[in-house]
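User: Hey, can you walk me through this one? I'm new to reading structures.
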Amino acid sequence: MSESSLRAVGWARSLPLNSSVKTARDWAREHLTSLGWAESAPETVDDVLLTISELVTNAHVHANSAADLVLTWDSSCLHVTVHDRSRRLPVPRPADTERPGGRGMLLVDALADTWQTRPCPDGKIVHACFRPPRTG
C-alpha cells in the first residue's frame with residue numbers, strides 16, 4: 001500500500017458508567033470543530049452529536065457498561081464507533097406509544113449515512129458513518 005493511499009485522523013475516549021452523555025457530546029463537538037465541520041457542516045454535526053448521545057446512552061442504560069467512543073475521519077466518512085460490554089445487538093424497532101424510550105436506533109438509522117453493528121469477543125461495536133454535504 002502506498003503512503004498516500006489512506007490518510008485518517010482519529011480520537012478515542014472511554015466513558016465510564018458514571019460519566020454523562022453531555023461529556024461525550026462536548027468531547028466530540030471539540031473534535032468536529034477541529035475538522036472545520038462546525039462551520040462547513042453544522043447540520044451534520046448535529047446529526048453526529050445526537051447519534052453519539054443515543055449510542056452512549058444505549059451502552060450505559062441497556063448494556064450497563066462503559067462506552068468506548070472512537071471518532072475517525074478518513075476524508076470521506078466520519079466513522080463513529082461505540083463499544084460496550086453487552087453482546088446483545090441493537091435493532092431499530094417501531095415506536096411504542098406506551099413507552100417513552102426505544103427510538104434510539106430508529107434515530108441512528110435516520111441520521112447516519114450508514115450504520116452497522118457486530119459482536120466482538122468482549123461485547124459489541126456499533127458503527128455509524130457520516131459524510132458531510134458536498135460544498136462548491
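Analyst: Strands here are DSSP runs of E with at least two residues, helices are H or I runs of at least four, and both are numbered from the N terminus. This is a predicted model, where local features need pLDDT of at least 70, side-chain atom pairs count only at pLDDT 80 or more, and totals for chains, interfaces and linings use all residues. Residues are numbered from 1 along each chain as its sequence is written, and side-chain values use heavy atoms, with hydrogens and water left out.

User: How many bridges pair strand 1 and strand 2, and in what sense?

Analyst: Seven, antiparallel. Two strands count as paired if DSSP finds at least two bridges between them. Strand 2 is also joined to strand 3 by six bridges, again antiparallel.

User: What about the hairpin of strand 2 and strand 3?

Analyst: Four residues lie between those strands, and Ser 75 takes a positive phi near 75°.

User: New topic: which residues does Leu 69 contact?

Analyst: Skipping neighbours within four places in sequence, the contacts include Trp 11, Trp 27, Ile 52 and Val 80. Contact means heavy atoms within 4.5 Å.

User: And how do helix 1 and helix 3 pack?

Analyst: At an angle of about 145°, with axes 9 Å apart. Axes are lines fitted to C-alpha atoms, for helices over the stretch in contact, and angles run from 0 to 180 degrees between N-to-C directions.

User: Which residues meet there?

Analyst: Among them, Ala 24 and Ala 28 in helix 1, and Val 48 and Ile 52 in helix 3.
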